[in-house]
Amino acid sequence: MIVNLRVDDRLIHGQVTQGWVPSLHINTIVVVSDVLADNPVRQQVMQLGVPPSVRVLFMTVTQVLDALQDLSSTSERVMLLSDSPGPFCALSRALNQRQEDSPILTLGNLHGADRAHKLGQTVFCSEQEYSQLSELARNGVNLECCAGVHDASEQVQMGVWQESTDSSLS
Amino acid sequence: MASGLYQATAAILGDDIPVYVFETMPDHSPEERQARFEAMLRELLDAGEVLLLVDFLGGTPSNVVLPEMDRDGVEILTGVNMPMLFKAVTLAREKVPVGDAAIRLVEYGREHIRQIAAMLGQANS
C-alpha cells in the first residue's frame, strides 16, 4: 500500500532513511522523477545510504500511474518521494478517478531562491508550486508540513497566493 | 557537526590545520548547495588533493560529495571521528597521497573505537 507521499528537495537523506522509513515501516521507496529515472549514476549514488531492507525504485510519473494499481494493492509499505509537488498532481487525479483516498502528502523540505512563499518551517514554494499544491488540495489530498519524524506536523490550508506570507488564508 | 569537529581539532592541533568546513545550510536548494560545494572543492583542488570526511552515508552531506567521487585527487570517507581527523591532519602534513591516506584512515578510525572497560579487563561478558 502507498503509505505516504513525501515532497523533499533532498530526496533520500538522513531524515528519511533514519526517521520516516522506520517510523512508517516503509520497505519500498519510489522516487518519482522523470529526470532521475533516466540517470543510473545518480540512482546508484542515492541508494548507497539506504538500509538493505528497503527497496528503492526510480520511476517516471507515467510509470507510477501505470503501476498505481500494483502500488496500491501490494502488501509492501510504499513511500512515493518527489523533489517537488508537480509529479503528484497527476497521481492525485488518478486516485480521484479511482475513487480512492489519497495518502497524506508530507511536505518535508523545499528551499531555494525562487521559492518565496512560506508554507512551513522548512517548506517554501514558488507560485507554480503553490498552484500545484492547491490542485492537490482540491483533489482531496491532505497536506502537512513535517521535516523530521519527531517534529510537530503543521496542517496546510491552501488559500490565495502571496509572497512571503503565512499559508493559512481564507 | 563539521564546525564542532573542526573547533575541537583546532583546539588540540592548532589553527593552521589544513582542515576546511562545509556545512549544509538549511535554507539552500539542492542546486545552491551543490554549487557552493563545487566552488569550494575547485578552490581546494587547485592547492592539492582533497580528502572529504562526512558523517554518514546517505545523509545530505554525503549526497553532496558523492557526485565528486570519480574526480582525480578526491577521496571520500564516511563515519568521521576525532581520531580519524587527527590522523588525517598528520598524513596531510606528511603529504601522503590521498588514496593511501584514505585506506589507512579507515583502519585507524575503526581501531580507535574502543570499549574502555574491555581495555581495562573489566568488561561484562
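How many helices and how many strands does chain B have?

Reply: Chain B has six helices and two strands.

A word on the ground rules. This is a predicted model, in which local features need pLDDT of at least 70, side-chain atom pairs count only at pLDDT 80 or more, and totals for chains, interfaces and linings use all residues. Residues are numbered from 1 along each chain as its sequence is written, chains are lettered from A and ligands numbered from 1 in the order written, and side-chain values use heavy atoms, without hydrogens and water.

Back to chain B. From the N terminus, its elements run α-α-β-α-β-α-α-α. Its C-alpha atoms fill a box of roughly 50 × 35 × 30 Å along the principal axes. Of its 125 residues, 32% are buried (under 20% relative accessible area, 1.4 Å probe, protein chains only). Chain B exposes about 7500 Å² (Shrake-Rupley method, 1.4 Å probe). Carbon and sulfur atoms supply 53% of that area. Now take the contacts in chain B with a separation of 6 or more: 57% join residues 24 or more positions apart (a contact means heavy atoms within 4.5 Å).

Next, the largest pocket. A pocket is an open set of points on a 1 Å grid, with protein on both sides within 12 Å along at least five of seven lines; lining residues have an atom within 4 Å of a point. The largest pocket has a volume of about 1200 Å³ (the space filled by probe spheres set on the points). It is lined by 37 residues. Nearest its centre lie B:Tyr20, B:Val50, B:Leu51, B:Leu52 and B:Leu53. In chain B, α1 (2-13), α2 (30-45), β1 (50-53), α3 (60-65), α4 (82-93) and α5 (98-111) each give two or more residues to this lining. The largest share, six residues, comes from α4(B). By class, the lining has 30 nonpolar, two polar and five charged residues (Ala, Val, Leu, Ile, Met, Phe, Trp, Tyr, Cys and Pro are nonpolar; Asp, Glu, Lys and Arg are charged; the others, Gly among them, are polar).

The second largest pocket has a volume of about 770 Å³. Of its 33 lining residues, A:Leu11, A:Leu36, A:Arg42, A:Asp83 and B:Pro30 are closest to its centre. Two or more lining residues each come from α2 (40-47) of chain A and from α2 and α3 of chain B. α2(A) gives the most, five residues. This lining has 15 nonpolar, eight polar and ten charged residues.

Key:
1 Å grid on protein atoms, 1.4 Å probe; cavity = no way out; pocket = protein on both sides within 12 Å on 5 of 7 lines; lining within 4 Å. Helix = DSSP H or I, 4+ residues; strand = E, 2+ residues; numbered from the N terminus. Buried < 20%, exposed > 50% of the residue type's maximum accessible area, 1.4 Å probe, protein only.
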